[in-house]
Amino acid sequence: MPIARHGAIELAYETSGAAEGEPLLLISGTGVQMLMWPDAFVAALAGRGFRVTRFDNRDAGLSTHLTQAGNPGWLKPLIRHAAAPYRLEDMAGDAVAVLDALGWDRAHIAGTSLGGMIAQTMAISYPSRVRTLTSIMSTPSARIGTMPKISTMRKLMQIAGTPVNGPEDAAEATVALKRLTGTSRYPIDEELIRDIGRRSYERDPGSEAADFRQRAAVSASGSRRKALAGVRIPTLVLHGDQDPIINVKAGRATAAAIPGARLVIYPQMGHDLPRELWPSILDEIAALAAQAPARPRSPQPADARRFTASRYPGRPPSRRPAAGQDPIPRCARADASPVRQRPG
């Protein structure tokens, strides 16, 4: 598997779709690997004319795990932000390093949950690298919409506390999590989810400490609302109105923060990407891409940019800014109308 490098951090990635396709980078959420972007969903994007790359964030999958940074827990980074071993800006720098490795001067960026926060940070810190921004079931601030109900928290803790001693345990744990974060309107594809859980475990079993380090990055990075007001990139915000992990008000806040952002709220969708909604989501992403300025003729080479020193001691360097055939049957389309649209 190809590797991108951001200082001491190595990032595993994979690419699919026609070489001449529109560059699209997918960014994953907390504690999950690139496989959480299902293979069939990636193939559907490629069928829409995208050249799709997904990658493992730091502290996930086959990318570098910062085990030497220890486990910050959940409370310490809230009280003392310096306890977080890295910030969202560092993770955004990781994503830019993947673009560099691919030779992509600019790309469409889409992220779910934590991945949406990283994508927002890219739009703020690296606007010249972002053609369009799609923020899915995410938030512009760790303080907006991120406190689940007590009943949900208890179930999350129960799932997290269940021992996982092999691929089959991982498969069942992943199904249990998706049952909790999904909704009855869109039952999960258990066979698909079990396969993702097994494959993820075989690539990397993961750890509580790695999850907490990623969560610490979110809490330590503060609010992006003021900075997002300066974003002038075509933006799409997707959210479910029954999201039990990041409340829909966070999606509304994201769209309100970015001038001209299009907000689409899916009724009865949870913290998930239900297969029944893929055709609508694909339509939205493709329509957004059509709004982007024309691509540059020749991408810059992968070594055209140099790293600068990180302002946080002990961290890898961060950086500063210097369609096809749809394989998803149309009969699977679900009605999903945007509840708000502001002209770009």
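What is the mean pLDDT of the chain? The mean is 88, and 85% of the residues reach 70 or more; pLDDT is the predictor's confidence in each residue, from 0 to 100. This is a predicted model, in which local features need pLDDT of at least 70 and side-chain atom pairs count only at pLDDT 80 or more, while totals for chains, interfaces and linings use all residues. Residues are numbered from 1 along each chain as its sequence is written, and side-chain values use heavy atoms, with hydrogens and water left out.

**Where to take care**
- Over residues 298-344 pLDDT stays under 50, and the model has 112 contacts for them beyond four places in sequence (contact means heavy atoms within 4.5 Å).
- Where pLDDT is low, the predicted coordinates should not be read in detail.

- Helices (H or I, at least four residues) and strands (E, at least two) are DSSP runs, numbered from the N terminus.
- Strand β7 spans residues 235-240, and six of its six residues are buried, meaning under 20% relative accessible area with a 1.4 Å probe and protein chains only (exposed is over 50%, partly exposed in between).
- T235, V237 and H239 point one way from β7, while L236, L238 and G240 point the other way.
- In a regular strand the side chains alternate between the two faces of the sheet.
- On one pairing, β7 meets strand β6 (residues 130-136) in the parallel sense over four bridges; two strands pair if DSSP finds at least two bridges between them.
- T235 in β7 is the bridge partner of L133.
- Strand β8 (residues 262-266) also runs parallel to β7, joined by five bridges, and V264 in β8 is the bridge partner of L238.

**Helix α10**
- Together, β7, helix α10 (residues 248-257) and β8 make a right-handed β-α-β unit: with the strands pointing away from the viewer, the path from the first strand over the helix to the second runs clockwise.
- Seven of the ten residues of α10 are buried, including V248, G251 and T254.

**Nonpolar cores**
- The largest nonpolar core has 47 residues, of which L25, I27, F55, I109 and M122 touch the most other members; such a core is a set of buried Ala, Val, Leu, Ile, Met, Phe, Trp, Tyr and Cys residues joined through side-chain atoms within 4.5 Å.
- Helix α3 (residues 88-102) gives the most to this core, with eight residues.
- Apart from this core lies another, of 27 residues, among them W37, A110, L277 and A286.
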